[in-house]
Amino acid sequence: MLRVPIPAPVGATRWRRAAAGVLAVGLIAGTVLHATVAQAAVFVAVTGAGSTWSQNALTQWQAHVKQSGITINYDGQGSTAGRNRFSNLTADFAVSEIPYGVTDQGSNVADPPPARKFAYMPVVAGGTAFMYNLKVGGRRVTNLRLSGPTIAKIFTGTVTLWNDPVIKAENPGIGLPARKIVPVYRSDGSGTTAQFTAWLAARHQGTWDPYCASVGRRTPCGQTSVFPGKQGFVGQNGSSGVTNYTKADTSEGAITYVEYSYAREARFPVVKVLNEQGYYVEPTAKNVAVALLEAKIDERDPNSQTYLTQDLSGVYRSADKRSYPLSSYSYAIVPTALEAPINENKGYTLAKFLYYVICQGQEQAETLGYSPLPINLVRAGYSQIKRIPGRVEEQMVGCRNPTFAPDGSNRNILAETAPNPPECDKAGGATQCTTGTGGAAGTNNPAADPGTGGGTTVPGAGTPGAGGSAAASSAPPVIDPDTGEIVGGGNGGGGQAVYATPVDLAAGGGWTFTHTMMMLAGLLLGGLIVVPPLVARAVNGRGDDRGAR
């Protein structure tokens, strides 16, 4: 039997067409949503390790980006441990004051580059300071001054008493006590030690080499990341270790080398170090910025294993009377290939964090006791982040950094506005500035008060324009040990206080619930526009059919 197909009613056909249209819209939207979610990078936890010299800054920065869903787990174990962990694939990135490939001349230990692909990028600039614990008449000394030769003699055991004639000659305004000097050094492998000993080797080899020979190290001793201690010295692990030992009430007479930030946080003074122009200066952000103008940076070949590494010989000999001799910066060692333990999500997260570090994070550097990176190093940092797999590139437009010049040139505004040191901090005078340094800024030295057996008071010392220390600043920041947030404190060296503000990185946070809701809202809006006309047409058509019948 021949079967003739019976056509569906006209109204039913139009309803089917409307339903098919809505289904098509839904299928297309669903496909787009699925593809977008599948391809978008997401934030994942990233692990870093290394420098304790830079740790105060990193702790603050990782706490800030946590607000935007970025988790950075940084373990400050020391630069040597950080480089080793990056090499053995147990850290996604590392931070170090010295690069790979440097032979430890003191112990003859080589440090070969890792098998995985990597690049350096500057992240933290600052000064290696000499924090000390010394009292006169029961009150803390806060304005001690030392030259390079004297520091070298202290850390090689040649000068052993605080009232040694060489120290007294540099501090005519302090009645120094006949107290034993206790040098406190890093017992672990550290970039801080490497920076300090590189300076000793470059500027005071005649004192450094005989000391190394006396403790069994080969000579020339050169730079070493493991300090050769001796009897009477005290070794402590990490920057926090040497800081905590030195500031203890039972450690009067101690002196250590540590990043300026630690002394500020501990509210302890640091030594003003004599520079090449005959002025005693402390490692404020501006004095460090001035000194680093003389750093020679390898910018020849971005693909080389020395790109962006630093030669500090010019810093040690800077002809600017504002410069601090032991100024430097640390490197982030970042992955440049998609190989274990790096995947695209880790690379995306790390890159986002590093963009924050070299731009917005630098606004907090001075408050934390560091010095902001200059524009040439920030530009180089952008080029290095582009090499991280999985990154989403960002532009420098709007990068907030207090060193940047308005005209976009490489001029360092922080260095240009650095004040000259006061004349009471010039070597050879009969007096010295009395205002405190580091974490004791704003506190006058007890020698300036009658009856302490001190010395000569400088008229108006500590008062702007009256010959006081240019570094007279308010108290250092107070950092919450659990969150890394600044919860109070001062202005990091005399400038306007810079307090941390919440970070908005949500726009780069991968596909989130917010994005999904936005997509659904768009689909609903599209549905409201498309569906009603289709339904109306279908209803009208159905009415026409009924009228025809």
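User: Two strands pair if DSSP finds at least two bridges between them. Which residue in β11 is the bridge partner of L146?

Analyst: This is a predicted model in which local features need pLDDT of at least 70 and side-chain atom pairs count only at pLDDT 80 or more, while totals for chains, interfaces and linings use all residues. Residues are numbered from 1 along each chain as its sequence is written, and side-chain values use heavy atoms, with hydrogens and water left out. Strands (E, at least two residues) and helices (H or I, at least four) are DSSP runs numbered from the N terminus, and β7 pairs with strand β11 (residues 272–274) in the parallel sense over 2 bridges. In β11, the bridge partner of L146 is V273.

User: Is A49 buried or exposed?

Analyst: A49 lies in strand β1 (residues 46–50), where 4 of the 5 residues are buried. Buried means under 20% relative accessible area, exposed over 50% and partly exposed in between, with a 1.4 Å probe and protein chains only. The relative accessibility of A49 is 0%, so A49 counts as buried.

User: How far apart in space are A49 and V95, C-alpha to C-alpha?

Analyst: Contact means heavy atoms within 4.5 Å. Leaving aside neighbours within four places in sequence, A49 is in contact with residues including Y74, F93 and V95. A49 and V95 are 46 residues apart in sequence, yet their C-alpha separation in space is 6.4 Å.

User: How are α2 and α12 oriented to each other?

Analyst: Helix α2 (residues 55–66) packs on helix α12 (residues 344–358) at an angle of about 120°, with axes 11 Å apart. Axes are lines fitted to C-alpha atoms, for helices over the stretch in contact, and angles between N-to-C directions run from 0 to 180 degrees. Angles under 35 degrees count as roughly parallel, over 145 as roughly antiparallel, 65 to 115 as roughly perpendicular and the rest as oblique. The relation of α2 to α12 is therefore oblique.

User: How many nonpolar residues does the contact of α2 with α12 have?

Analyst: Ala, Val, Leu, Ile, Met, Phe, Trp, Tyr, Cys and Pro count as nonpolar, Asp, Glu, Lys and Arg as charged, and the others, Gly among them, as polar. L58, W61, Q62, H64 and V65 in α2 meet F353, Y356 and V357 in α12. By class, this contact has no charged residues, 2 that are polar, and a nonpolar count of 6.

User: How is α12 oriented to α14?

Analyst: The angle between α12 and helix α14 (residues 375–385) is about 180°, with their axes 10 Å apart. The orientation of α12 to α14 is therefore roughly antiparallel.

User: How many of the 11 residues of α14 are buried?

Analyst: A351, L354, Y355 and I358 in α12 meet V378, G381, Y382 and I385 in α14. The elements covering the buried residues of α14 include α12, β4 (118–132), β13 (296–297) and β15 (327–335). Among the buried residues of α14 are I375, L377 and A380. Of the 11 residues of α14, the number buried is 8.
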